[in-house]
Amino acid sequence: MKASLFCAFLLNATLLFSQNQTIDSLLIVLEKQEDGIEKIDILNQLASEYIRAEPEKTKNYAKQALALSQSQKYSNGEALAYRMLGSFFEGASKYDSAKQMFQKSLSLYKRLENDEGLSDLLNDIGILHYQLSDYEPALTYLKESKGLFKKMGNSYGEGKTNINIGLIFMDKGQTDSSFFYLNQAFLLFKSIDNEFGQAVAKVNIGILMKDAGRYTESVKNYEEAIPIFQSLGNKYNEAKIYTNIGVVYEEQGAFAYALEKYQQALKLYTELDSPEGQIECYDNIGVIHKNLGEYELASMYFLKGLEGNLEQKALYNEVNSYLNLSGLHIEQNQPNQAEEFTTKGLFLADSLGLEKDKAYLLTALGQVKFQQGKYDSANWFCTKGLAIAQRLQYHKIQCAAYIIMAQVTTPLLTQRKYASKAFEIADRYNLLQEVKESTHLLYQYFKLQAQPDSALKYHELYTKAQDSLFNESSTKKITQLASQFEFDQEKEAIANERQKEAFLFNQELERKNTIQWISTAGIISLIVVAFIIGLLYNKKNQINKALAAANIELERLNETKDKFFSIISHDLRSPVEAFTNISLILNRHLKVANYDRVIEIGEKIDQMASNISNLLDNLLCWSMQRQGHFPHVPEKVSVKEIFDENISLFSEPAKMKQVQLVSPTESDLMLWADANSTKTIVRNLVANALKFTQNGQIKLEADLDEDQINIRISDTGVGMNDNQIKRILSQNTVKSSYGTAGESGVGLGLQIVKEFVDRNNGTLTIESEIGKGTTINIFLPSYELTMANEELKQTS
């Protein structure tokens, strides 16, 4: 068993790791403060500061703040005090009490319409539901919190909720969605220069990549967070990252790397005098030595972990220490030593209600009794452990119990029954070691029963499992050797680099001493003058380059500004002005009961509104793209969902122009692209096709073309000649034309399409014929093939 510190960073409303100076200054102010609103605010702030380090003080200060707020009728203070109490109960795992406190706070904040307090509270409630694995309510609260933070322009709060939403999707196994929110959080924290938030986002992305088996990316993200925590002087989180990197290397069988990282973490925890962190490292280092067959070292570190847990009275972690020591001595066939630790662990797990650990330890005690030759006791303990394991669907322990029971029972038929049960479960859940052991028992049984066909069958299965385990072990050993070689090479390279730096430093020092010895005042003066001239020359070049760059940017901004005002003054003003007297015209026709004319005007209003909406959408996308503010986050995107969305969006305008919208694509092809820009591409192409089609058909199709997906939007509209196609594909701006129903535009749609296709690493082609229609082909990366290529790169 292993207790690895491999945890995600949740961000709640109270900032992590309070500063002692802040607490000291608050306590000084509190002593001089009379009862009133200011004292309530200080009490609540102290409750917030103590939530991590000394939660009991959080409870005491929050209770004082609550009582004083109620006597002073200070509702905001009362709401915050309830929230602090909720945070205390949540940290103490008293979730029902936490819900009650949060609910009281929620009622008060809603009545007060205090968005600032409400946004933090909703985030905390979302975290509470996340810890209870109530993912849907958690997402609801967190998204509501995110919306309020965004409304208030609070980028830190928005980033915080993005982190927490990303963690929920991580737990649900939705890697793409998780990465989207975690990456958004990183970008938000970066935009406000919040280094701590950036580091937290990187750590969580590292965890996500590790869970997805993308180990190189995982380590890369972890290592990018380390210098940030170092610059902040945050050794605690730096140590946690070293532990996480160690876990990644350990899973790859790179034990030398893992050991190095665990020892780095242990050094920091020792400097911080953090017993919990040290114990965690002792357990992790012990597991590494056990995997390397260094049992004495493993025992030493496991015993250090146990000693620390006993001193700290950390009962749950104490159980884990007993599990480690029990497994270590069973593996060495030392039943008497194993019995001591297994029995102690069993009693403690039973008193704490740890059912899964209890099932493991009961079965382990059965193994101990089996090694001692006490078969009846072995059968009894395994039966008890099996009952719990079946209830918890703990498959590995079920197999272990059945395998031991098959060896300690007397009737041969019962032995066969237990071995068959073990094989059935092991085969279903691909537990190779258990398949090997159970098939070997069945082979022996049928051999004794003189049933050669059945004996041969299970012997073949046994050999197959043994070969698979051997291959798996060989692969791990090869990986371990490769990692060790790489590690040694890296250390040697670092040592050589340092030696080289030292040599160059000494050489430089000698050279300087020689120059000082032979130089004269005149030579020094010339050097100084030359140096100053060089500096001035370089400065001048830098200024000229900066001015040139600024002029280019200014020209681009002026061009954008002129285009923007052109759109506002001509294309946007005209349709808006058309609405000015629309109510008077409608009233006049209604008075004379001219309903046909009213319906006709209504259809034109719909068309005008749709045109304005499309223009505004494109204007927004275009301006964001021009300013570099349009986010680009590649993810898994469903082509079918985008097609369905656009058919629904344009169904009414299409009916008005008697155009049939169809999508014969049935299979759900997946793109690797930015979802928002891809939707914008398809929306503009469909809108453009509809603009130039009357009494016809628009078809949305997609299929796989080598390593890309070809999206085709074809229409039976007016079509284009070769010159028009060349102008569209070659120019940076596209000249607009009027549609079949007189629709106007500014040519932004196709310009945005071209820019967004380029940003998604795609290509665009146009096929058209006057009077017959147009087909626009968009080629974008396929999700499956992109992921396959990425995996191939990582393995090569």
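Strand β3, residues 670–674, is mostly covered in this predicted model. Of its 5 residues, 4 are buried. β3 also pairs with strand β1, and elsewhere helix α8 runs roughly parallel to helix α10.

**Strands**
- Strand β1 spans residues 634–638.
- β1 and β3 pair in the antiparallel sense. The pairing runs over 5 bridges.
- Which residue of β3 stands opposite S638? That residue is M670.

**Helices**
- Two packed helices are described by the angle between their axes and the distance between the axes.
- Helix α8 covers residues 155–171, and helix α10 covers residues 195–211.
- Their axes come within 11 Å and cross at roughly 10°.
- Angles under 35 degrees count as roughly parallel, so α8 is roughly parallel to α10.
- On the α8 side, the contact is made by I163, L167 and M170.
- On the α10 side, V200, A201, N204, I207, L208 and D211 take part.
- How do the residues of this contact divide into nonpolar, polar and charged, and how many are in each group? There are 7 nonpolar, 1 polar and 1 charged.

**Cysteines**
- A disulfide is a covalent bond between the sulfur atoms of two cysteines.
- How many disulfides does a search of the whole structure find? The search finds 0.
- Is C281 buried or exposed? C281 has 0% relative accessibility, so it counts as buried.
- C382 counts as buried because its relative accessibility is 0%. The cut-off for buried is under 20% relative accessible area.

Notes. Residues numbered from 1 in each chain as written. Predicted model: local features only at pLDDT ≥ 70, side-chain atom pairs only at ≥ 80, totals over all residues. Heavy atoms only, no water. Axes fitted to C-alpha atoms, helices over the stretch in contact; angles between N-to-C directions. Helix = DSSP H or I, 4+ residues; strand = E, 2+ residues; numbered from the N terminus. Parallel < 35°, antiparallel > 145°, perpendicular 65-115°, else oblique. Contact = heavy atoms within 4.5 Å. Nonpolar A, V, L, I, M, F, W, Y, C, P; charged D, E, K, R; others polar. Buried < 20%, exposed > 50% of the residue type's maximum accessible area, 1.4 Å probe, protein only. Pairing = 2+ DSSP bridges. Disulfide = S-S within 2.5 Å.
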